[in-house]
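Subject: Structure for your review

Dear colleague,

Please find below the structure that I am handing over to you. My findings follow directly after it, arranged by topic.

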Amino acid sequence: MVQVAVQDYGYGNARIRAMRQRLLDNTFYEGLVELDDFDRMVQLLQQTPYKDEIQEAVLRKSGAAAIDEALKLNLARTFRRVLSFMSPEGQALVSTLLGRWDIHNIKTILRGIHMHIDPEEIIDSLLPAGELEEIELDELAKQEDIKGCIDLLATWGISYGRPLTKEVATYAETRDLSFLELALDKYYFTYSLRRVRMLGPNGQKAQDILQTQIDIVNLLTLLRLQKSKQPEEEAKRLYVPYGREIRFEQFLALAQKDDVDDLIDGLLTTTYGRILEGAMMKYIEHGSLAALERALETHFVQKGAGMSKGDPLGVGIAIGYIWAKHNEIVNLRIIVKGRTIGMPEKRIREELILV
Amino acid sequence: MEEVRPTRTELLQRRAQIQLADQGKDLLKQKRDALLIEFMSVMDETLRLSTELEKAVAEAQYALAVAKAVDGSIAVKSVSFVTKGEVSMEMSGTKIMGVSVPVVTKGESPLRSSFKRGYSVTGVSSRIDETAEKFEKVLDVIIESADIETRLKRLGEEIQKTNRRVNALEQVFIPQLKEQVSYIRMTLDERAREDLFRLKKVKASLEKKRAAM
């Protein structure tokens, strides 16, 4: 094992740069989009770093589901590999950002237990790419009830147990899981921001990513609030604090807007106004908020992947790689799934985010 | 042919039966025509709903595939765990031209807002949200279709049953009765001719005797 100093990013960054070289480029995506035959797609993917995972996944699943499984396995392994190269500070920062996978996993477990889903099925829907290990997730999924799961998190000293413990009474009263999920989301951002703020200039980069993520979450909430005309109390409850640009008062004012046009007009003073304005034509054409969400996601991915530029000795290289890698996985999923269901090539290309 | 007694009473009975069967046939034909009119209007509605259902299912499946592609199967599956719910509907019955048909009335609409599906919107993409919405729409159309399709099925069955009855009267029962009437008539005529012949013979014999005296 390589020993690195607390703040030394040199070794890790060198390894990650090498991994970055193996990321698939636009020419590869183009080649894959043009293939009609699923078997040829698999053949082409087997010439990439996904070969091992594909061979492993086809033993358990078939068709597009096997590719999906392979991509999932590859993502979890790659993120763990990245963490293994990092200095302690880098590990703390990157694993904080990867905490969103922990949130996904905890929510999935809570949802599964809430609906009495078989633990095996719950485990199949997890992606151990965060700080929580596979073995811990398995144990959580096997709990009989929500209370047992939250108690176990608290017993292990996992901080995500705290917001859940606070809200478990509301859940017991209402049987509404959304209270626990919202508390978990808010806690993740607050806790992560607190964690990265203590880590100096490198923490600043992670903070920037987290705050942009908070803004995007708030913007998507606003779009849904506008669509279903919810009362102000609901808007207050759903606001996630400490974002980069969207403040509480602005959020409440925007939540009262009559239509999406007005909402976007109210955002023109922020970075997101122009992005959403640019996606409005597509929104009108498809009548779907997904068009606006994809525009925000593109901004977020480009921002995350762009972190590696101009930061040869900081955590930016790792953050940039993680975002680029995740985006590559999403792009491959879009192409493979899209071709399988007969999605037009034009639509597939529109959905891809190229960084 | 069933055993028929070739008597005048039997002839009158058979004629009355034919008249009754004719009336019954006409009534059944009227019922069938009325059912057909009802059937055609229900058919139009069923076709409309079936097209709507086909469209809703195609849109929902496409949205699901896009959500699985962009957000990943695990994210979609995770949300699907919690979006399970109940569909409420009321079942009652009514009669159309004497045919009992069930009436399915929607209770609470299966269409829910993003804020009522049991997950927090802060962690779920709008693609998954819209997929859930589209499948709820499918459910809504299915409930509507259930009512109209059952109505169409019952009406169709009743039309078939009525048609079979009309056919049985028209092609079996009435022709049989008519055949029996004609048999009785022929037999009675035959008897009448025999009687006449016998009477003529007796008369001729009496006249012959009278001439010999």
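**Findings in the predicted model**

V336(A) counts as buried, because 24 C-beta neighbours lie inside 10 Å, and the cut-off for that class is 20 or more. The residue is found in helix α20 of chain A. Its C-alpha atom is separated by 8.1 Å from that of V33(A), although V336(A) and V33(A) are 303 residues apart along the chain. Please bear in mind throughout that this is a predicted model.

**Two helix pairs**

Two packed helices are described by the angle between their axes and the distance between the axes. In chain A, helix α6 (residues 88-97) packs against α20(A) at an angle of about 30 degrees, and the two axes are 10 Å apart. Angles under 35 degrees count as roughly parallel, and α6(A) and α20(A) are therefore roughly parallel to each other. The crossing in which α6(A) passes α20(A) is right-handed.

The second pair belongs to chain B. There, the axes of helix α1 (residues 8-71) and helix α3 (residues 126-212) come within 5 Å and cross at roughly 160 degrees. Since angles over 145 degrees count as roughly antiparallel, this makes α1(B) roughly antiparallel to α3(B). The crossing of α1(B) and α3(B) is left-handed. Sorted by class, the residues in the contact of α1(B) with α3(B) are 36 nonpolar, 10 polar and 26 charged.

**Positive phi values in chain A loops**

Most residues other than glycine have a negative phi. Two residues of chain A may be set against that background. For K229(A), which is not a glycine, phi is positive, near 45 degrees. K229(A) sits in the loop between α13 (200-228) and α14 (232-238) of chain A. Is K229(A) buried or exposed? K229(A) counts as exposed, because it has 11 C-beta neighbours inside 10 Å, and the limit for that class is 12 or fewer.

Y242(A), likewise a residue other than glycine, has a positive phi near 75 degrees. Y242(A) is placed in the loop between α14 and α15 (248-255) of chain A. With 15 C-beta neighbours inside 10 Å, Y242(A) counts as partly exposed.

**Further positions in chain A helices**

G112(A) lies in helix α7 (residues 99-114) of chain A. It counts as buried because it has 26 C-beta neighbours inside 10 Å. From G112(A) to A129(A) the separation is 17 residues in sequence and 19 Å in space, taken C-alpha to C-alpha.

Q204(A) lies in helix α13 of chain A. Its 13 C-beta neighbours inside 10 Å are why Q204(A) counts as partly exposed. Q204(A) and G90(A) are 114 residues apart in sequence, with 12 Å between their C-alpha atoms.

D138(A) belongs to helix α9 (residues 134-141) of chain A. Because 16 C-beta neighbours lie inside 10 Å, D138(A) counts as partly exposed. The C-alpha atoms of D138(A) and A279(A) are separated by 41 Å, and these two residues are 141 residues apart along the chain.

With kind regards

How values were computed
Residues are numbered from 1 along each chain as its sequence is written. Chains are lettered from A and ligands numbered from 1 in the order in which they are written. This is a predicted model: local features need pLDDT of at least 70, side-chain atom pairs count only at pLDDT 80 or more; totals for chains, interfaces and linings use all residues. Axes are lines fitted to C-alpha atoms, for helices over the stretch in contact, and angles run from 0 to 180 degrees between N-to-C directions. Helices (H or I, at least four residues) and strands (E, at least two) are DSSP runs, numbered from the N terminus. Angles under 35 degrees count as roughly parallel, over 145 as roughly antiparallel, 65 to 115 as roughly perpendicular and the rest as oblique. A crossing is left-handed if the near helix is turned anticlockwise from the far one by less than a right angle, and right-handed if clockwise. Ala, Val, Leu, Ile, Met, Phe, Trp, Tyr, Cys and Pro count as nonpolar, Asp, Glu, Lys and Arg as charged, and the others, Gly among them, as polar.
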